[in-house]
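Student: I would like to learn how to read pockets, strands and backbone angles in a model. Please take them one at a time.

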Amino acid sequence: MQGIVLKSQIPLRADKSHRSEMVSQILFGETYTILDKMDDWLLIKTNYDNYIGWIDNISYEELNSEQKTFIIRNKYIKALDRNNLEIIIPAGSAITEPNSDNFFVINNNIYKISDYCELIKKTSIAESAKYFLNSPYFWGGRTFMGFDCSGFAQIIYKINNINIPRDASEQIKHGNAIPIIQEAHEGDLVFFGNEESINHVGILLSSEKVIHCSGEVKIDYIDNTGIFNGKKYTHFLRGIKSY
C-alpha cells in the first residue's frame, strides 16, 4: 500500500512513539510504501530515498492518484486547500504543474498557490545552498525551518535534480572520490568524522570555504585537515565525493 504526504512535512521516527527520535522528515508530495502496521503506527519506506521509519497513522493519506510532479525550487510556497486553509510547502517538496490561475491538483486534492518565496536560481549547487544561510539546525530536519547536516545536503542536491541518500554515512558510499580539496570542484560533498564513523557533511564552495549545517547553515573555512573556526578545528575531513 502506498501513501502520500499532504502536510508541510511529517516526522519519520526511529520507533513507534512520539517520544522516539525523529530520524527524518517526509515532505509535501513525497510518497512512501507501507511495510507494517502496529497499534496506531505505520512502518514505512520512503520512495525517494528508501528511508525506513515509523509514522503516526493519523498522518497517513492513501496515494490514490499518481500524477506527474516537479520539485519545488522556491525556498517555500504558500497554498490554500479546498477549505481555504493555508499550508507552507518547503523546497524539495513535489507538486503538479499549476494552471494559469495558480491551482494545482495532487492526489485529487485542490490547492491554490497564494504566495511565493524567492525562487532558488539554478546556477549551481553551491549557489543554491546559500539561499538557506542561517536556517537553524534541527536533528532529522529537511526544510528551511530546520535542517540537519545530511538533510541539508540532500535537499540542495534534490532541487538540482540529483538524488543522493539521506544520511552522511550512506552519501559517502556513492559518487567519485576526490583525493584532496585542491582537486575538488564547487558543489562537491565533503565528509567529516573519525576513523570509526562519518558524522558530518558539507557542500564545498571553493578550496577554502564550505557551507554546512552546524548550529545553523553557515559558511566556514576548510583545508585538507578539516573545518576550522579561528585556530580551532571543529570537524576533521574524512572524504570528498563528486556526484
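Student: By class, how many nonpolar, polar and charged residues does the lining of the second largest pocket have?

Tutor: The lining of the second largest pocket has seven nonpolar, four polar and four charged residues. Ala, Val, Leu, Ile, Met, Phe, Trp, Tyr, Cys and Pro count as nonpolar, Asp, Glu, Lys and Arg as charged, and the others, Gly among them, as polar. Note that this is a predicted model, in which local features need pLDDT of at least 70 and side-chain atom pairs pLDDT 80 or more, while totals for chains, interfaces and linings use all residues. Residues are numbered from 1 along each chain as its sequence is written, and side-chain values use heavy atoms, with hydrogens and water left out.

Student: What is a pocket, and which residues lie nearest the centre of the second largest pocket?

Tutor: Rolling a probe the size of a water molecule over the atoms shows where empty space is left. On a 1 Å grid over the protein atoms alone, a pocket is an open set of points with protein on both sides within 12 Å along at least five of seven lines; a cavity is a set where a 1.4 Å probe fits but cannot get out; lining residues have an atom within 4 Å of a point. The second largest pocket is lined by 15 residues, with Tyr-51, Trp-139, Asp-148, Ser-150 and Asp-167 nearest its centre. Helix H2 (149–159), helix H3 (168–171) and strand S17 (198–204) are the elements that give two or more residues to this lining. S17 gives the most, with three residues. Helices (H or I, at least four residues) and strands (E, at least two) are DSSP runs, numbered from the N terminus. The volume of this pocket is about 240 Å³, where a volume is the space filled by probe spheres set on the grid points, joined across faces, edges and corners.

Student: What does the largest pocket look like in the same terms?

Tutor: Its volume is about 280 Å³. The lining of the largest pocket has 16 residues, and Gly-29, Glu-30, Thr-31, Thr-69 and Ala-94 lie nearest the centre. By class, that lining holds six nonpolar, seven polar and three charged residues.

Student: How many cavities of 30 Å³ or more does a search of the whole structure find?

Tutor: The search finds one. The largest cavity has a volume of about 40 Å³. Residues that line it include Leu-12, Ser-24, Glu-30, Tyr-51 and Arg-142. Strand S3 gives the most to this lining, with three residues.

Student: Is S3 (residues 22–27) enclosed or open?

Tutor: Buried means under 20% relative accessible area, exposed over 50%, and partly exposed in between, with a 1.4 Å probe and protein chains only. Six of the six residues of S3 are buried, so this strand is largely enclosed by the rest of the structure. Two strands pair if DSSP finds at least two bridges between them. Strand S2 (residues 9–13) pairs with S3 in the antiparallel sense over five bridges, and Leu-12 stands opposite Ser-24 in S3.

Student: What should I look for in phi, and which residues show it here?

Tutor: Most residues other than glycine have a negative phi, and most peptide bonds are trans. Asp-39, not a glycine, has a positive phi of about 55°, and this residue is in the loop between strand S4 (31–38) and strand S5 (41–46). Asn-107, in the loop between S11 and S12, has a positive phi near 55°.

Student: Are Asp-39 and Asn-107 buried or exposed?

Tutor: Asp-39 is exposed, at 63% relative accessibility, whereas Asn-107 is buried, at 3% relative accessible area.

Student: Where is His-200 found, and what does its side chain contact?

Tutor: A polar contact is a pair of N or O atoms within 3.5 Å; within protein, one must be able to donate a hydrogen and the other to accept it, and residues adjacent in sequence count only if both atoms are side-chain atoms. His-200 is found in S17, and its side chain makes a polar contact with the side chain of His-212 (2.8 Å). His-200 is buried, with a relative accessible area of 5%.
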